[in-house]
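User: I would like to learn how to read a protein–DNA model. Can we start with the DNA and then turn to the fold?

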There are 2 protein chains.
Amino acid sequence: MNKKACEAIPYMNHHSYNIFFTNLANPLKIGIILALRKKERNVGDIAKELSVEQSKISHALKSLKNCKIVNVKNRGKERIYSLNKKTILPMLELIDKHAICYCKNKCCVKEK
Amino acid sequence: MNKKACEAIPYMNHHSYNIFFTNLANPLKIGIILALRKKERNVGDIAKELSVEQSKISHALKSLKNCKIVNVKNRGKERIYSLNKKTILPMLELIDKHAICYCKNKCCVKEK
DNA sequence: TATTCATATGAAAAACATTTCATATATCTT
DNA sequence: AAGATATATGAAATGTTTTTCATATGAATA
């Protein structure tokens with residue numbers, strides 16, 4: 001399979017999909033993503049904004065970063081996390097549209 | 001918030017994202033989705049194609065259907081499942097591009 | 001360089017999702 | 001109607017991910 005960089009080869013690998021989705025399948029991580037949508041922030045500010053204990057945020061950020069859903073830069077002793085908008089924003093929009101078009105706006109009601 | 005059908009309202013609800021992604025965060029379900037990409041199939045055929053026990057497939061299909069990622073129709077005693085391509089295909093493409101552009105093609109390597 | 005502030009990390013516990021297996025349901029066939 | 005085939009379902013067992021908490025690391029500052 002051709003693997004030239006940044007050339008769209010749809011349906012590449014099974015495993016990437018799984019890791020990517022697993023990473024997103026978590027309310028805290030979604031919360032972080034939505035919080036980073038408007039502007040980048042350091043860990044403490046994210047924790048404050050979401051009222052969530054710091055190490056929990058750090059753990060979540062670690063896997064998001066691992067998957068390149070967020071990026072980091074250092075500023076003194078702080079770490080500034082920002083969203084990889086190019087992938088995530090269109091993805092959220094797809095779900096929004098899905099919810100509106102197929103799920104009567106209350107998409108994907110949890111079974112049972 | 002305006003909720004007129006099929007009008008894009010980005011970043012609607014937190015909870016939908018979570019259920020949607022949770023639903024996809026599973027190798028079997030990804031397998032089913034990829035199997036349904038080319039053509040619709042009944043449960044038994046999916047099971048055969050993936051070499052997976054039937055009730056496992058049924059359980060997976062149930063939640064995919066619940067989230068409208070797949071649709072069903074009846075044909076005699078069979079149930080024919082098909083993919084909701086409009087949402088899923090562009091979503092997989094987004095991940096492909098993400099993997100290629102940000103993850104050197106082996107996207108989202110599992111940590112540790 | 002000792003202290004403080006910001007963040008990361010490991011590991012056990014807890015929460016949650018999937019698998020398995022036995023069985024139920026529903027349609028078709030005879 | 002009885003049997004066969006296709007699929008669905010409930011519940012316990014299993015597996016995976018997240019949370020928690022104690023502590024480590026690393027940069028800044030006094």
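Analyst: Start with one definition: a residue is near a strand if one of its heavy atoms lies within 4 Å of it. Keep in mind that this is a predicted model.

User: Which residues come nearest to DNA strand C?

Analyst: There are 22 residues around DNA strand C, and G44(A), Q54(A), H59(A), Y81(A) and S55(B) come nearest.

User: Which elements supply the surface near DNA strand C?

Analyst: Both chains take part. From chain A, α3 (43-50), α4 and β3 each supply at least two residues. The top contributor is α4(A), which gives five residues. By class, this surface has three nonpolar, 11 polar and eight charged residues.

User: What part of DNA strand C faces the protein, by atom type?

Analyst: Take the atoms of DNA strand C within 4 Å of the protein. Sugar or phosphate accounts for 63% of them, and bases for the rest.

User: How do I read individual polar contacts there?

Analyst: Ask which part of the residue and which part of the DNA are paired. The cut-off is 3.5 Å between N or O atoms. V43(A) uses a polar backbone atom, 3.1 Å from a phosphate oxygen of DNA strand C. K77(A) uses its side chain: a polar atom lies 3.4 Å from a sugar or linking oxygen. S55(B) reaches a base, with a polar side-chain atom 2.8 Å from a base nitrogen of DNA strand C.

User: Which residues come nearest to DNA strand D?

Analyst: G44(B), Q54(B), S55(B), H59(B) and Y81(B) come nearest, out of 22 residues around DNA strand D. Of the atoms of DNA strand D within 4 Å of the protein, 64% are sugar and phosphate.

User: Now the fold. How do I read a sheet?

Analyst: Strands of a sheet pair through backbone hydrogen bonds, either parallel or antiparallel. In chain A, three strands form an open sheet in the order β1-β3-β2, with antiparallel pairing. β1 (41-42) and β2 (70-75) are at the edges with a single partner strand each, so one side of each has no neighbour in the sheet. Six bridges join β2(A) to β3 (78-83) of chain A. V72(A), for example, has Y81(A) in β3(A) as its bridge partner.

User: Which helix packs on this sheet?

Analyst: Helix α4 (54-66) of chain A packs on the sheet, touching β2 and β3. Its direction makes about 115° with that of β2(A).

User: How are α2(A) and α4(A) oriented to each other?

Analyst: Their axes come within 10 Å and cross at roughly 80°. The two helices are therefore roughly perpendicular. L28(A), K29(A), I32(A) and I33(A) of α2(A) meet residues of α4(A), including I57(A), A60(A), L61(A) and L64(A). The contact divides into seven nonpolar, one polar and two charged residues.

Key. Residues are numbered from 1 along each chain as its sequence is written. Chains are lettered from A and ligands numbered from 1 in the order in which they are written. This is a predicted model: local features need pLDDT of at least 70, side-chain atom pairs count only at pLDDT 80 or more; totals for chains, interfaces and linings use all residues. Side-chain values use heavy atoms; hydrogens and water are left out. Two strands pair if DSSP finds at least two bridges between them. Helices (H or I, at least four residues) and strands (E, at least two) are DSSP runs, numbered from the N terminus. Contact means heavy atoms within 4.5 Å. Axes are lines fitted to C-alpha atoms, for helices over the stretch in contact, and angles run from 0 to 180 degrees between N-to-C directions. A polar contact is a pair of N or O atoms within 3.5 Å; within protein, one must be able to donate a hydrogen and the other to accept it, and residues adjacent in sequence count only if both atoms are side-chain atoms. Ala, Val, Leu, Ile, Met, Phe, Trp, Tyr, Cys and Pro count as nonpolar, Asp, Glu, Lys and Arg as charged, and the others, Gly among them, as polar. Angles under 35 degrees count as roughly parallel, over 145 as roughly antiparallel, 65 to 115 as roughly perpendicular and the rest as oblique.
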